[in-house]
Amino acid sequence: TLHSADRIHAIDPHATEDWLNYHILVGIEHFTIFDTDGSYEPYLRDFIERGYVTYHPRYPGQISPKLGLLAAGLADPKLHRHMLAEPHALDACVWENRQ
(Lines give C-alpha, C1' and ligand atoms only; values in the text may rest on other atoms or scores of the structure.)
Protein backbone atom coordinates (compact mmCIF):
# COMPACT_ATOMS: atom_id res chain seq x y z
CA THR A 1 0.00 0.00 0.00
CA LEU A 2 1.22 3.49 -0.84
CA HIS A 3 0.78 6.66 1.21
CA SER A 4 2.18 10.16 1.62
CA ALA A 5 2.78 10.93 -2.05
CA ASP A 6 3.68 14.54 -1.31
CA ARG A 7 6.65 13.45 0.80
CA ILE A 8 7.97 11.22 -1.99
CA HIS A 9 7.42 13.86 -4.65
CA ALA A 10 9.20 16.50 -2.58
CA ILE A 11 12.29 14.29 -2.82
CA ASP A 12 11.82 13.12 -6.42
CA PRO A 13 9.04 14.91 -8.33
CA HIS A 14 8.66 12.15 -10.94
CA ALA A 15 9.30 9.07 -8.80
CA THR A 16 5.93 7.42 -9.37
CA GLU A 17 5.76 8.15 -13.07
CA ASP A 18 9.37 7.05 -13.63
CA TRP A 19 8.81 3.82 -11.70
CA LEU A 20 5.68 2.96 -13.69
CA ASN A 21 7.22 3.93 -17.04
CA TYR A 22 10.29 1.79 -16.36
CA HIS A 23 8.19 -1.25 -15.54
CA ILE A 24 5.96 -0.69 -18.60
CA LEU A 25 9.14 -0.48 -20.69
CA VAL A 26 10.35 -3.87 -19.42
CA GLY A 27 6.99 -5.50 -20.14
CA ILE A 28 4.69 -5.16 -17.15
CA GLU A 29 1.22 -4.69 -18.59
CA HIS A 30 -0.88 -3.74 -15.57
CA PHE A 31 -0.54 -2.52 -11.98
CA THR A 32 -2.93 -2.69 -9.04
CA ILE A 33 -2.20 0.11 -6.59
CA PHE A 34 -3.66 0.41 -3.10
CA ASP A 35 -3.33 3.92 -1.65
CA THR A 36 -3.88 4.40 2.07
CA ASP A 37 -4.59 8.13 2.00
CA GLY A 38 -5.62 8.82 -1.62
CA SER A 39 -2.57 11.01 -2.20
CA TYR A 40 -1.30 9.23 -5.33
CA GLU A 41 -4.34 9.92 -7.53
CA PRO A 42 -2.90 13.00 -9.30
CA TYR A 43 0.32 11.12 -10.09
CA LEU A 44 -1.51 8.05 -11.38
CA ARG A 45 -4.34 9.73 -13.31
CA ASP A 46 -2.72 9.38 -16.74
CA PHE A 47 -1.85 5.72 -16.15
CA ILE A 48 -5.39 5.01 -14.93
CA GLU A 49 -6.90 6.66 -18.01
CA ARG A 50 -4.60 4.65 -20.31
CA GLY A 51 -5.61 1.41 -18.58
CA TYR A 52 -2.26 0.56 -16.98
CA VAL A 53 -3.39 1.02 -13.37
CA THR A 54 -6.28 -0.21 -11.27
CA TYR A 55 -6.34 2.25 -8.41
CA HIS A 56 -7.83 1.79 -4.93
CA PRO A 57 -7.75 5.20 -3.16
CA ARG A 58 -8.15 5.35 0.63
CA TYR A 59 -8.22 1.56 0.61
CA PRO A 60 -8.47 0.94 4.38
CA GLY A 61 -11.65 3.03 4.46
CA GLN A 62 -13.14 0.77 1.77
CA ILE A 63 -12.74 -2.16 4.15
CA SER A 64 -14.12 -0.32 7.19
CA PRO A 65 -14.56 3.36 8.09
CA LYS A 66 -12.84 2.73 11.43
CA LEU A 67 -9.91 1.06 9.70
CA GLY A 68 -9.70 4.07 7.39
CA LEU A 69 -9.43 6.39 10.39
CA LEU A 70 -6.69 4.32 11.98
CA ALA A 71 -4.73 4.05 8.74
CA ALA A 72 -4.74 7.70 7.67
CA GLY A 73 -7.66 9.66 9.03
CA LEU A 74 -6.52 10.66 12.50
CA ALA A 75 -5.62 14.30 13.05
CA ASP A 76 -2.13 13.50 14.35
CA PRO A 77 -0.04 11.98 11.50
CA LYS A 78 2.18 10.27 14.09
CA LEU A 79 -0.79 8.06 14.94
CA HIS A 80 -1.42 6.91 11.34
CA ARG A 81 -0.95 3.19 10.77
CA HIS A 82 -0.49 3.07 7.00
CA MET A 83 0.45 -0.59 6.85
CA LEU A 84 -2.62 -1.71 8.80
CA ALA A 85 -4.46 -2.88 5.67
CA GLU A 86 -1.44 -4.40 3.92
CA PRO A 87 -2.61 -8.04 4.36
CA HIS A 88 -6.08 -7.10 3.10
CA ALA A 89 -4.62 -5.35 0.06
CA LEU A 90 -2.50 -8.38 -0.77
CA ASP A 91 -5.52 -10.69 -0.51
CA ALA A 92 -7.61 -8.36 -2.68
CA CYS A 93 -4.87 -8.12 -5.30
CA VAL A 94 -4.47 -11.89 -5.52
CA TRP A 95 -8.26 -12.34 -5.71
CA GLU A 96 -8.67 -9.69 -8.44
CA ASN A 97 -5.89 -11.20 -10.56
CA ARG A 98 -6.68 -14.90 -10.20
CA GLN A 99 -7.03 -16.91 -13.39
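Which helix does His9 lie in? I looked this up to get going, and His9 lies in helix H1. A reminder to myself: this is a predicted model.

**Entry on His9**

I then looked for a polar partner of the His9 side chain. One of its polar atoms lies 2.8 Å from the backbone oxygen of Pro13. Setting aside neighbours within four places in sequence, I listed the contacts of His9 as His14, Ala15, Thr16, Glu17, Tyr40 and Tyr43.

**Entry on helix H2**

Ala15, Thr16 and Glu17 turned up again here: together with Leu20 they are buried in helix H2, which covers residues 15-25. What do the buried residues of H2 pack against? I noted helix H1 (5-11), strand S1 (31-35), helix H3 (41-49) and strand S2 (53-57). Just after H2, I also spotted Gly27 with a positive phi of about 115°.

**Entry on H2 and H3**

Two packed helices are described by the angle between their axes and the distance between the axes, and I looked up both. The axes of H2 and H3 come within 9 Å and cross at roughly 30°. Angles under 35 degrees count as roughly parallel, so H2 is roughly parallel to H3. Which residues make the contact? From H2, I wrote down Thr16, Glu17, Leu20, Asn21 and Ile24; from H3, Tyr43, Leu44 and Phe47.

Methods. Residues numbered from 1 in each chain as written. Predicted model: local features only at pLDDT ≥ 70, side-chain atom pairs only at ≥ 80, totals over all residues. Heavy atoms only, no water. Buried < 20%, exposed > 50% of the residue type's maximum accessible area, 1.4 Å probe, protein only. Helix = DSSP H or I, 4+ residues; strand = E, 2+ residues; numbered from the N terminus. Contact = heavy atoms within 4.5 Å. Axes fitted to C-alpha atoms, helices over the stretch in contact; angles between N-to-C directions. Parallel < 35°, antiparallel > 145°, perpendicular 65-115°, else oblique. Polar contact = N/O pair within 3.5 Å; in protein donor to acceptor, adjacent residues only side chain to side chain.
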